[in-house]
Amino acid sequence: MAQRRMFSKRITDTDIFTDMPLSTQCLYFHLNMNGDDDGFVDNTKRVQKMIGASDDDLKLLFAKEFLIPFESGVVVIKDWKVHNYIRGDRYQETVYTDEKAQLKVDKVGKYSLGAPMVDQMSYQRSTQDRLGKVRLGKVNKNIVQQADPLPFKEVIEYLNEKTGKQYRSSTKSTQTIINARFKEGFSLDDFKTVIDNKVADWLKDTKMSEYLRPKTLFGADKFEGYLNQVSKAKQKPAADRYDLKHLKGRSGDVGGPTTNTREANEDYKDDLPF
């Protein structure tokens, strides 16, 4: 793989680029430095942490269409071929061939999603002016909504890590419920807080641990309540946490709940998933 990376002033000197915060510009430069020979980057989170960039910086690059995201989690630098010309004897094709097959490249070297792209050698032979006219127009709101990838994988990996379970982030129903909460304005940190709160409450409870699942934790009815609760595992003795028989109206059994247990049940009834 070639080790040198170049930048075209046709891109970096435009108003749409220089109007972005310096932290966003810095992230763009570092992502370019980490791209493979076709401009694909598979370590955006590590680059963010390395330079102290925020999620908002990455989202802005998607919004301004400087990056193209894929469902696999990789991104590609849209103007990679405007910036870089790599000799054929040094060029090493990306390992992300499926994503590459979804791209097309125009005469000046700009990637876009659509028809299959021309191969690297054909592009190099046919392109005479790599730094031709580049159109960087206004942001398309529909593209912004599509281009902003949601961290399904991060949410589910965190849940599996905390619970020891093996849920899949690719499940359609799971993605739908996570997407709904993000549309309501909740963040990745909010999902982690909900997971932490309910793991503290339910993980060691054999009856309740089965509800440590995306459908229950991230549902519309309970999510905000779980988010704002103070973990009751820190407030109540474990032995008094739940008496499901009493909550379901089957009191009066021999050896029924004590007064303390009834109080605990009353405290918890709004948090239960039924």
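Tutor: Let us begin with two terms: a residue is buried when its relative accessible area is under 20%, exposed when it is over 50%, and partly exposed in between, using a 1.4 Å probe and protein chains only. Helices (H or I, at least four residues) and strands (E, at least two) are DSSP runs, numbered from the N terminus. This is a predicted model, in which local features need pLDDT of at least 70 and side-chain atom pairs count only at pLDDT 80 or more, while totals for chains, interfaces and linings use all residues. Residues are numbered from 1 along each chain as its sequence is written, and side-chain values use heavy atoms, with hydrogens and water left out.

Student: How many helices and strands are there, and what percentage of the residues is buried?

Tutor: The protein has 16 helices and five strands, and of its 274 residues 44% are buried.

Student: Which residues of helix H5 are buried?

Tutor: An α-helix has 3.6 residues a turn, so residues three or four places apart point the same way. In H5, which covers residues 55–63, the buried ones are Asp57, Leu58, Leu61, Phe62 and Ala63. Just after H5 comes glutamate 65, which lies in the loop between H5 and E2 and has a positive phi of about 65 degrees although it is not a glycine.

Student: What is a nonpolar core, and which residues touch the most other members of the largest one?

Tutor: In soluble globular proteins, nonpolar side chains tend to be buried together. A nonpolar core is a set of buried Ala, Val, Leu, Ile, Met, Phe, Trp, Tyr and Cys residues joined through side-chain atoms within 4.5 Å. Here the largest core holds 28 residues, and Leu31, Leu61 and Phe66 touch the most other members. At least two residues of this core come from each of H2 (15–18), H3, E1 (40–41), H5, E2 (67–69), E3 (75–77), H6 (80–83) and E4 (103–105). There is also a second, separate core of 23 residues, with Val155, Leu188, Phe223 and Tyr226 among them.

Student: How should I read a contact, and which residues does histidine 30 touch?

Tutor: Contact means heavy atoms within 4.5 Å. Histidine 30 sits in helix H3 (residues 22–33), and, not counting residues up to four places away in sequence, it touches Val47, Met50 and Ile51. The C-alpha atoms of histidine 30 and valine 47 are 7.0 Å apart, although 17 residues separate them along the chain. Histidine 30 counts as partly exposed because its relative accessible area is 28%.

Student: Is phenylalanine 70 buried or exposed?

Tutor: Phenylalanine 70 has a relative accessible area of 8%, and therefore counts as buried. It lies in the loop between E2 and E3, and, leaving aside neighbours within four places in sequence, its contacts include Phe40, Val75, Leu103 and Leu113. From phenylalanine 70 to proline 149 there are 79 residues in sequence and 7.9 Å in space, C-alpha to C-alpha.

Student: How many salt bridges are there?

Tutor: A salt bridge is a side-chain nitrogen of Lys or Arg within 4 Å of a carboxyl oxygen of Asp or Glu, and by this rule the count comes to 10. One of them joins arginine 5 to aspartate 37, with the closest N and O atoms 3.1 Å apart. This pair links distant parts of the chain, since arginine 5 is in the segment before H1 (9–12) and aspartate 37 in the loop between H3 and E1, 32 residues apart. Both arginine 5 and aspartate 37 are buried. Another joins aspartate 79 to lysine 110, where the closest N and O atoms are 2.7 Å apart, and both of these residues are buried as well.
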